[in-house]
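Today I am opening my notebook on charged side-chain pairs.

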Amino acid sequence: AELSGRAESECSCRQIQIDWHKMSPISGTKSCRAFSLALICLHVALTSARLSTASEMSSAADEDSASDSVGRVVSELRVKHHYHSAKKCWQGNLSRLSLSQRTRCARQFLRYSNHWLRVWDHREDLASFRYETDISEKNRQLLKRAKAGLEKFSSRLTLFALKFKKFKMKLSRREARMMKLLQGKQVFKSNRNLLRYNQVQSRIMQDYNQAVGCYAPGKCLDSGEDNVENFFRTKKDYDQLRYLWKSWRDATGAKFRNAFVERAQLLNESVWPSGFRDYAYFDYFTAFEDPKFPETVVSLYNQFKPLYEQLHAYLRHRLHQKYPGKFAANGLLPGHLGDDPWGSQYTKWHNEFVPFPAAESIDFDGILKDRERRGLLTVPQLPHVADEFYRSLGLPKMTDTFWRKSVFLKPKDHKMNCHGTAFDMHSASRDDFRIKMCTRMDMSSFSTVHHEMGHIMYFMLYSHQPVIFRRGANGGFHEAIGDTITLSVLTPKHFKAIKFIQHTNDTSESLVNNLFTQALANVMFLPYALVADLWKWRYFGGQVPKEQLNQDWWQIRSRFGGIGPPVTRSEADTDALSKFHLAIDVSYIRYFVSFLLKFQFYKALCQEAGHLGSLATCDFYRSTAAGDKLRRTLRLGRSKPWPDALQQLTGRRDISADALMEYFQPLNNWLKDYNAKNGVPVGWTVPANPMQSASN
């Protein structure tokens, strides 16, 4: 009776019954209660004998497996019964099958793929979350094994999927898209190559997470990227920042050069079986379905380049005034003066360089810290503030599992990767979604938690899709969703709506001040996000020899961003690899795309919410009309080509910088006027040796 009650409380008997009869060849009706008892008995037997994958999963995370055990056993019994009762036709000779037989075979293969990809994804997700929230050698090994298992299984699926490529089949458009996506994946034909790839990845990740940066001789920070970023974000000592800039690269990028070169060869070889000429083409084509994507993103850069040049000129001018004689007034901006060691954002200079100092500007950090000081807001409450925003749009609330298993505070007894990340755990119950981040009471964390919850909302809304479609419409959609929400919440209008402030100052001067803050985070970031993957693609595609890796990095970093190194560099340094995403080969161009898409999304949702006035003042909080439009798009996942999803949300099928330029138009007008009146030089020249120091 106890087991039966547990079964009925932890899973829906009705849903099990429906699913069972849908997937299984067995006909007739069964007692829900008897069936639940049978499943529990089978689960106990399998667990005791340690023959099920439940026991295997418990080695990675006992509590995670226990919560998902009933749903997983139901799913596995159902699929195992179905596939063990029939020959796996795709393992045979497809040419001997008739058209109708091949079509049935392909459909069976797609069902098989979707089921087992979810199982392997779930295993990898558990191990990844465990390692990221508790960095240890044991958890690193668990993650290494889980990744190897997923990649090996995925390679096998792709090889089988490629067998269907030369045959005709009568698949639906949806089924044909699933097959195409399966065929466009990496294939490690050799177990030796796969093993070596995972060893390289695991070692880089371990070394990166344990790297230490120093800001003066003998004065070092605790290990971890977050401590280095925090120093850059809060300090302004020119020489200390320059010392830490070099120290962090000595501890990371300089050590990863040989591993990067070896991994590049392994990755190039892994995409040849799928018909891709190199990993660069594979990387951008599978994410954006555009064979000329590098040219596309450079064209997008040219659309906002006039705004970037004006902002770069003003920032360089003001920094040159602060640090006289440290660098040329018309040259490259030294890359150590931003909010991070990569010179990608500059929000810490807002208060000091604000266009209208006398005008009232909203101090988001100050407001949050003041509420904390007065006991009106605590750090653990910030995720609930974000959840309330999404619920105000009529979107689903976060699941109980989300609140129980997410990690929002930095642990005191073990190391954790504090980089904010959202996880779709691919659980059978479809309710396990998590965030891990080290939350603080500041604007950065307030923004991050809203952003990461955007990922979670996307996960939740497309969770009904087959696993193959449980992805963003393209590589930039996922990042853009949370960023769109961030644009809405980081407005004076929203802070008033949630009663964090009593009134707003809606003058044109205060608007320009607020746009200046947003530009330091968004516009200054775009060139870095562009060159990060351009540099990688140029090497993978054979355009740059390995002997010129660092020179090429600074060549395109200075060309597109007007940023140079604060100390002279050499080919041994490989500075690009000082960034986590580039070190472990996580796509970064998605951030470039997302930073443009979010302004398109934002404009569309603001129009749906009936906003009037400057685009930059919009807050679509509590607009269920905007929420409905967003929901319809997010539910698609990757089931349709991304231009279809983009058109559904924005009314146009192409990525554009038009909405970004409209958003920042008041600031752009002011910058052009200021720079012209004060004789501020606009633009920069790339030096013959881009690795020479931009600092005196």
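I count a salt bridge when a side-chain nitrogen of Lys or Arg lies within 4 Å of a carboxyl oxygen of Asp or Glu. This is a predicted model, where local features need pLDDT of at least 70, side-chain atom pairs count only at pLDDT 80 or more, and totals for chains, interfaces and linings use all residues. Residues are numbered from 1 along each chain as its sequence is written, and side-chain values use heavy atoms, with hydrogens and water left out.

Entry one: the total. I looked up the salt bridges and found 39 in the structure.

Entry two: D239 and K326. Their closest N and O atoms are 3.8 Å apart in a salt bridge. D239 sits in helix α11 (residues 238-251) and K326 in the loop between α14 (293-322) and β3 (333-334), so the pair ties together parts 87 residues apart in sequence. Helices here are DSSP runs (H or I, at least four residues), as are strands (E, at least two), numbered from the N terminus.

Entry three: R257 and E571. This salt bridge has its closest N and O atoms 3.1 Å apart. R257 belongs to helix α12 (residues 253-271) and E571 to the loop between β6 (563-564) and α25 (580-583), so parts 314 residues apart in sequence are tied together. Are R257 and E571 buried or exposed? Both are buried (under 20% relative accessible area; exposed is over 50%, partly exposed in between, with a 1.4 Å probe and protein chains only).

I noted a salt bridge of 2.8 Å, N to O. D654 is partly exposed at 35% relative accessibility, and R652 is partly exposed at 31%.
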